[in-house]
Amino acid sequence: MRTKKRFIAGASCPACNKMDVMMLYKEHDVEKVECVECGHSMTQPEEAVQASTRQFEQVIGVFKPQ
């Protein structure tokens, strides 16, 4: 099974500062973001995603890079 990867338009990498190089994908039910230029990656645990959703709102997931 292949992992579907999506680019994040307008996002810049915090490590190399290049724009439009960040891709988002899910691995073992954890959202991950990785720079295709320098390989810098960030993950967010499921608890942080659950804490950021508002009551009465149906959101699949919210990712807030550091």
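# Surface, strands and salt bridges in a predicted chain

The accessible surface of the chain is about 5300 Å², and 49% of this belongs to carbon and sulfur atoms. Areas come from the Shrake-Rupley method with a 1.4 Å probe; for residues, only the protein chains shown count as cover. This is a predicted model: local features need pLDDT of at least 70, side-chain atom pairs count only at pLDDT 80 or more, and totals for chains, interfaces and linings use all residues. Residues are numbered from 1 along each chain as its sequence is written, and side-chain values use heavy atoms, with hydrogens and water left out.

User: In what order do the elements of the chain run from the N terminus?
Analyst: The chain has 1 helix and 4 strands. Helices (H or I, at least four residues) and strands (E, at least two) are DSSP runs, numbered from the N terminus. The order is β-β-β-β-α.

User: What percentage of the residues of the chain count as buried?
Analyst: Buried means under 20% relative accessible area, exposed over 50%, and partly exposed in between (1.4 Å probe, protein chains only). The chain has 66 residues. The buried part is 23%.

User: Is Lys32 buried or exposed?
Analyst: Lys32 pairs with Glu27 in a salt bridge, 2.6 Å from N to O. A salt bridge is a side-chain nitrogen of Lys or Arg within 4 Å of a carboxyl oxygen of Asp or Glu. Glu27 is partly exposed, at 34% relative accessible area. Lys32 has a relative accessible area of 19%, so this residue is buried.

User: How many residues apart in sequence are the parts that Lys18 and Glu37 tie together?
Analyst: Side chains of opposite charge can pair when their charged atoms come close. Lys18 and Glu37 form a salt bridge, with their closest N and O atoms 3.4 Å apart. Lys18 lies in the loop between β1 (6–7) and β2 (22–27), and Glu37 in the loop between β3 (30–35) and β4, so the parts they tie together are apart in sequence by 19 residues.

User: Which residues is Ser41 in contact with, leaving aside its neighbours within four places in sequence?
Analyst: Ser41 is found in strand β4 (residues 41–44). Its relative accessibility is 44%, so Ser41 counts as partly exposed. Contact means heavy atoms within 4.5 Å. With neighbours within four places in sequence left aside, the contacts of Ser41 are Val33 and Glu34.

User: How far apart in space are Ser41 and Met22, C-alpha to C-alpha?
Analyst: In sequence, Ser41 and Met22 are 19 residues apart. In space, C-alpha to C-alpha, the distance is 8.9 Å.
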